[in-house]
Amino acid sequence: MTEVIQAGWWGLVAGSALLLGAALGYGVRVPQKVIALVMAFGAGVLLSAVSFELVEEAYDEGGLGPAAVGTLGGAVAYTAGNVWLARRGARHRKRSGHRSGQSQPSETQQGGSGLALALGALLDGIPESAVIGVGLLEGGSVSAVTVAAVFISNIPEGLSSSAGMKRAGRSKGYVFGVWGAIAAASTLSAVLGYTVVGGFSTAVIAAVTAVAAGAILAMIADTMIPEAFEEAHLAIGLVTVSGFLVSFALSHA
């Protein structure tokens, strides 16, 4: 299997978790606390992967400058995109919609919110998938920790968000069309991460890796942890640390 195909395959594997979560969220009534706990665990796994797989790799390859600038730049870019989308109805895209004032709006409540939700899901998913392809540039193999982290974090995202879409009155075709498209975009993003970034210098590759890390960190802080806290409250600290330690153990196995 060529490395380009590997990149696409693992991007698809990670992205398919969104469809798995969407199927559960749309078809099964999963307790909100369970969703929150899985979200917290996924946040911990991602935090560890960002720390030990992405930022550390960017630092080793490019030094402190590219790593710091890239990480901050990724956070700024994600935050700017998130603010723009939040004003168009995508603020609560990871919410399942059971709390008043914290639910996804329907199209009649806010025109264009459906597109904003789809773009928000794309904004959340692209950085995660891109680093899978970039990871192939070093050593010719995908980091199992990165793939596992993205996969685990995508399940509660698809689950919670699709439940919220259903409550907002969006059709099954819309829900699975959105997550199917994001899964396909994840595949393409991983391929582009390998093919496009591979032609750059080591310093640029390090910076791109750091940009993805910064975007993921901002996404965790802005969407995953708040959603988890709404339901699990003080329990999320322990669950998040557990996810962090599992990912840490895998990265050092």
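Phe-200 sits in the loop that links helix H6 (172-195) to helix H7 (202-232); helices here are DSSP runs of H or I, at least four residues, numbered from the N terminus. This is a predicted model, where local features need pLDDT of at least 70, side-chain atom pairs count only at pLDDT 80 or more, and totals for chains, interfaces and linings use all residues. Residues are numbered from 1 along each chain as its sequence is written, and side-chain values use heavy atoms, with hydrogens and water left out.

| Residue | Relative accessible area | State |
|---|---|---|
| Phe-200 | 42% | partly exposed |
| Asn-154 | 3% | buried |
| Ser-186 | 2% | buried |

Asn-154 belongs to helix H5 (residues 144-167). Setting aside neighbours within four places in sequence, its contacts (heavy atoms within 4.5 Å) are Ala-14, Gly-15, Ala-17, Leu-18 and Glu-128. Ser-186, in helix H6, touches Gly-11, Gly-15 and Ser-129, again not counting residues up to four places away in sequence.

Now the nonpolar cores, meaning sets of buried Ala, Val, Leu, Ile, Met, Phe, Trp, Tyr and Cys residues joined through side-chain atoms within 4.5 Å. The largest one has 25 residues, and Leu-46, Leu-54, Ile-216, Ile-220 and Met-224 have the most contacts inside it. A second, separate core has eight residues, among them Tyr-26, Met-165, Val-178 and Trp-179.

How values were computed: Helix = DSSP H or I, 4+ residues; strand = E, 2+ residues; numbered from the N terminus. Buried < 20%, exposed > 50% of the residue type's maximum accessible area, 1.4 Å probe, protein only.
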